[in-house]
Amino acid sequence: MMNRLFALCFAMASFITAGAVEIKDVFSAMPDSVLPTLTRNNRLDMVDFVASGMKAEVSDVFDGKATLDTLTADYLHLTLSEAVKVEMKLLKSSVALADSSECVVCLVMSYGVKPKESSVSLFTAKWKPLPLPEVLEGGEVTTLSPLNTDIVRRHVDLIEYREEEEEKETKSTDSKLTILKWNGRTYNKN
């Protein structure tokens with residue numbers, strides 16, 4: 001009887017922990033079409049390097065260097081080049097998703113050095129695209145919080161853009177910060 005009880009408790013504990021989704025697993029299973037410069041092997045190597053305490057840098061398909069800078073259970077930050085940064089956050093969903101996923105992946109890609117521009121995409125944990133709420137449309141500079149589910153958006157106005165010889169100078173000012181909160185279904189303004 002004691003052995004059966006122990007086996008039942010062990011099976012239940014295994015079932016509960018097996019259901020926990022982590023960003024490293026979602027990142028590893030990501031289709032190559034989402035980040036075409038990183039192959040599945042690149043992504044698996046990066047995760048393995050972090051687990052081994054090594055620098056998570058790989059050569060991408062163009063022989064450039066890509067680095068996995070931060071990896072937690074629900075957040076990651078990648079540097080694909082000097083001008084391309086990627087953030088991913090795993091968000092618990094309070095609604096049933098079409099592919100039975102329990103989580104939503106928020107993917108933010110930031111382009112440029114100055115000025116920066118970001119694009120935001122939402123997917124299920126099985127990489128099915130989700131509709132983007134209106135508050136996340138547009139090219140505002142967007143960052144995810146590694147500590148919570150917030151998104152911070154910063155509107156950047158271009159004041160001056162000129163070309164002198166072969167060098168371009170761009171000046172920008174930050175005009176407004178918007179913090180968006182995840183409510184289990186979507187992002188909303190605070």
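In what order do the seven strands of the open sheet stand, and is the pairing parallel or antiparallel? In this predicted model, in which local features need pLDDT of at least 70, side-chain atom pairs count only at pLDDT 80 or more, and totals for chains, interfaces and linings use all residues, the strands follow the order 1-2-3-4-5-6-7 with antiparallel pairing. Two strands are taken to pair if DSSP finds at least two bridges between them. Strand 1 (57-59) and strand 7 (129-130) stand at the edges with a single partner strand each, so one side of each is left without a neighbour in the sheet. Residues are numbered from 1 along each chain as its sequence is written, and side-chain values use heavy atoms, with hydrogens and water left out.

The secondary structure of the protein comprises three helices and eleven strands, where helices (H or I, at least four residues) and strands (E, at least two) are DSSP runs numbered from the N terminus. From the N terminus on, the elements run α-α-α-β-β-β-β-β-β-β-β-β-β-β. Of the 190 residues, 34% count as buried, that is, under 20% relative accessible area, whereas exposed residues have over 50% and partly exposed ones lie in between (1.4 Å probe, protein chains only).

Helix 3 (residues 40-51) has twelve residues and, at 1.5 Å a residue, should span 16 Å, which agrees with the 17 Å between its end C-alpha atoms; the expected span is 1.5 Å times one less than the number of residues. Asn42, Arg43, Met46 and Val47 of helix 3 are buried. Seen down the axis of helix 3, the buried residues fall within an arc of 135°, so they line one face of the helix; the arc is that of the directions from the helix axis to the C-beta atoms. These buried residues pack against helix 2 (23-28), strand 1, strand 2 (65-71) and strand 3 (75-81), with contact meaning heavy atoms within 4.5 Å. Exposed Asn41 and Ala51 are carried on the face turned away from the buried side of helix 3, and just after the helix Gly53 takes a positive phi of about 80°.
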